[in-house]
Amino acid sequence: MTMGPWGPCCSCLKGILFSGIEISDNSHSEDSVESIPQVHSIDVSMSAPTIKTSIDSSSEVGGHGLALVDVAVEQDRAYWEFRVKMNACVSSWPPMFGVSNKRNAAFYKILAESTIPEEKHGTKFMCAVSNLKDGDVVGVVVTQSEIPMIQIYLNGEIQDGLQVTRFRGTVYPAIYLPNCSEGFMSATMLYREDQFVHGPPSAGITPLIAERSLM
């Protein structure tokens, strides 16, 4: 059986693709760091074992469950988007977008042996977005010094009621994909200005930046 565009599940992967970018030993200089483009990926070690990443793009995620991105949200105001790809996905719960604290394999193993439903696995700081269509773009705004701390946008429009008042601790961009009994759903994270479909809703809200780049 062929696997199509998706690689093996997270528990089978040992590394993350970085779009062919190689960082040499002398890349620690200030000039080199600034010249390296931001490259963020789905972190398979922090994501559910049922999550899959695309062979073509490590920022594209499929399967089902919670998936975390490999960079913490350190800046005061950050923005990113997820472009949704779906075909008649039938599920009992909609996808969710927001942030989550750091996870590991032990976290998912314990929850798998419990009666807690999958959609409650690490999704406390996330919002469910219903009735998505193929090609929809979900924007996430995180502000660490204002309330609400997380706001959700759909195709450039703010979604009333889809917000998280507060979160605690170090958090990472996250998406929850439901288990489709029919059809499929996947999503691609857009994190740079040249990738955005809609972009931040106001000045001062910037694309997600790795902590090293903030120094």
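Cysteine 89 has a relative accessibility of 16% and is therefore classed as buried, the cut-off being under 20%. In this predicted model, cysteine 89 forms a disulfide with cysteine 180, and the two sulfur atoms are 1.9 Å apart. Cysteine 89 belongs to strand β6 (residues 77-90), whereas cysteine 180 sits in the loop between β12 (171-177) and β13, so the link ties together parts that are 91 residues apart in sequence. The angle about the S-S bond is -90 degrees, and the link of cysteine 89 and cysteine 180 is left-handed. Cysteine 180 is also buried, because its relative accessibility is 17%. The count of disulfides in the model comes to 1. Cysteine 127, with a relative accessible area of 6%, is buried as well.

An open sheet is formed by 5 strands in the order β2-β5-β12-β7-β8, with antiparallel pairing. Its edge strands are β2 and β8 (126-128), each of which pairs on one side only. Strand β7 (residues 96-101) is joined to β8 by 3 bridges, and the two strands run antiparallel. Within β8, alanine 128 stands opposite methionine 96.

Strand β4 (residues 60-63) pairs with β3 in the antiparallel sense over 3 bridges. The two strands make up a hairpin, with 5 residues between β3 and β4. Valine 61 in β4 is the bridge partner of threonine 53. Strand β4 is also joined by 2 bridges to strand β13 (residues 182-190), and β4 and β13 run antiparallel. Here the bridge partner of glutamate 60 is threonine 188 in β13.

Serine 47 is placed in the loop between β2 (42-43) and β3 (51-54). Its relative accessibility is 4%, so serine 47 counts as buried. The side chain of serine 47 has polar contacts with the backbone at two positions, aspartate 43 and leucine 68. A polar atom of this side chain lies 2.8 Å from the backbone oxygen of aspartate 43. For leucine 68, the backbone nitrogen lies 3.0 Å from a polar atom of the serine 47 side chain.

Definitions and conventions:
Residues numbered from 1 in each chain as written. Predicted model: local features only at pLDDT ≥ 70, side-chain atom pairs only at ≥ 80, totals over all residues. Heavy atoms only, no water. Helix = DSSP H or I, 4+ residues; strand = E, 2+ residues; numbered from the N terminus. Buried < 20%, exposed > 50% of the residue type's maximum accessible area, 1.4 Å probe, protein only. Polar contact = N/O pair within 3.5 Å; in protein donor to acceptor, adjacent residues only side chain to side chain. Pairing = 2+ DSSP bridges. Disulfide = S-S within 2.5 Å.
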